[in-house]
Amino acid sequence: MRPDLTKQISIKSFKEYYWLKEELQTFCRTEGLSTAGPKVEISNRVETYLETGEILQPTRKTKVKNESCIELSLDTVITANHRCSQEVRSFFKTIIPNFHFSTYIQNFFKANVGRTYRDVEKAWHDEEVRRKDPTYKKEIGSQFEYNRFTRDFFADPCNKGKTREDAIHAWNTIKSLPGSNTYTPTT
């Protein structure tokens, strides 16, 4: 049975179970911890508090001069401070009408400091070619456990014809158990 998230929970139990962001934030409010930031950061803050009693402050990103202050072109260099802003999106939409910040493109920006927007354009088109391959499997960030679970649930041939409600029921079952929330095919 899944334990309640209280100050008395063991660190082992905390790590074994899936917690909604809202549950983590409620715990933080009760214990006087910050509720700011993405779920992964809040979870790490709770884990540190349970282990050591230390109250971590949220990671603050400093505001930096962004691309909106410069004229964007295909020769614009990707900086370490790059932001996927509305200005950048608007620029790319003039070149690629259906452009959006996919996970792949966001990761490309992060991993390719020093390259240019011309390289981003090429990466976008390369990804479009890969997506047309029937064996292509879109990357889903590790923080999106539910999305990964449901994708893998429906990819399992044993679940052919099952409904979204079936997937939700399976998800609710696995997240209430200790251990991994990764979908494992039934045999």
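Colleague: Is Glu 41 buried or exposed?

Modeller: Keep in mind that this is a predicted model. Glu 41 counts as buried, because its relative accessibility is 18% and the cut-off for buried is under 20%.

Colleague: Which element is Glu 41 in, and what is it in contact with?

Modeller: Glu 41 belongs to helix α3. Leaving aside neighbours within four places in sequence, Glu 41 is in contact with Ala 36, Pro 58 and Thr 59.

Colleague: What does Asp 75 touch?

Modeller: Thr 116 and Arg 118, not counting residues up to four places away in sequence.

Colleague: And how far is Asp 75 from Lys 93, C-alpha to C-alpha?

Modeller: Those C-alpha atoms are separated by 16 Å, with the two residues 18 apart along the chain.

Colleague: Let's switch to the packing. Which residues of the largest nonpolar core touch the most other members?

Modeller: Val 88, Phe 92, Phe 99, Ile 105, Phe 109, Tyr 117 and Val 120, out of 16 residues in that core. Two or more residues each come from α4 (86-95), α5 (103-111) and α6 (117-131). The largest share is from α6, with 4 residues.

Colleague: What does Ile 105 touch?

Modeller: Setting aside residues up to four places away in sequence, Ile 105 touches Phe 99, Val 120, Ala 123 and Trp 124. There is also another core, apart from the largest one, with 13 residues, among them Tyr 17, Trp 19, Leu 24 and Cys 28.

Colleague: You mention a cysteine. How many disulfides does the structure hold?

Modeller: The count is 0. As for the cysteines themselves, Cys 28 counts as buried because its relative accessibility is 0%, while Cys 84 is at 32% and so counts as partly exposed.

Colleague: Back to α6. Which of its residues are buried?

Modeller: Tyr 117, Val 120, Glu 121, Ala 123, Trp 124 and Glu 127. These residues cover an arc of only 160° around the axis, so they sit on the same side of α6. On the other side of α6, Lys 122 and Val 129 are exposed.

Colleague: What covers that buried side, and how far does α6 reach?

Modeller: The cover over the buried residues of α6 includes α4 and α5. From first C-alpha to last, the 15 residues of α6 reach 21 Å, close to the 21 Å expected at 1.5 Å a residue.

Colleague: Now α8. Which of its residues are buried?

Modeller: Ala 167, Trp 171, Ile 174 and Lys 175. They fall within an arc of 90° seen down the axis, so they line one face of α8. Glu 165 and His 169 are exposed on the face turned away from that buried side.

Colleague: What covers the buried residues of α8?

Modeller: The list includes α7 (145-155).

Colleague: Last topic, aromatics. How many aromatic pairs are there?

Modeller: The count comes to 18 aromatic pairs. One aromatic cluster is formed by Tyr 18, Tyr 146, Phe 149, Phe 153, Phe 154, Trp 171 and Tyr 183. Trp 171 also came up among the buried residues of α8.

Notes: Residues numbered from 1 in each chain as written. Predicted model: local features only at pLDDT ≥ 70, side-chain atom pairs only at ≥ 80, totals over all residues. Heavy atoms only, no water. Core = buried A, V, L, I, M, F, W, Y, C linked by side-chain atoms within 4.5 Å. Buried < 20%, exposed > 50% of the residue type's maximum accessible area, 1.4 Å probe, protein only. Contact = heavy atoms within 4.5 Å. Disulfide = S-S within 2.5 Å. Expected span 1.5 Å × (residues − 1). Arc of directions from axis to C-beta. Phe/Tyr/Trp six-rings, centres within 6.5 Å; stacked < 30°, edge-to-face > 60°.
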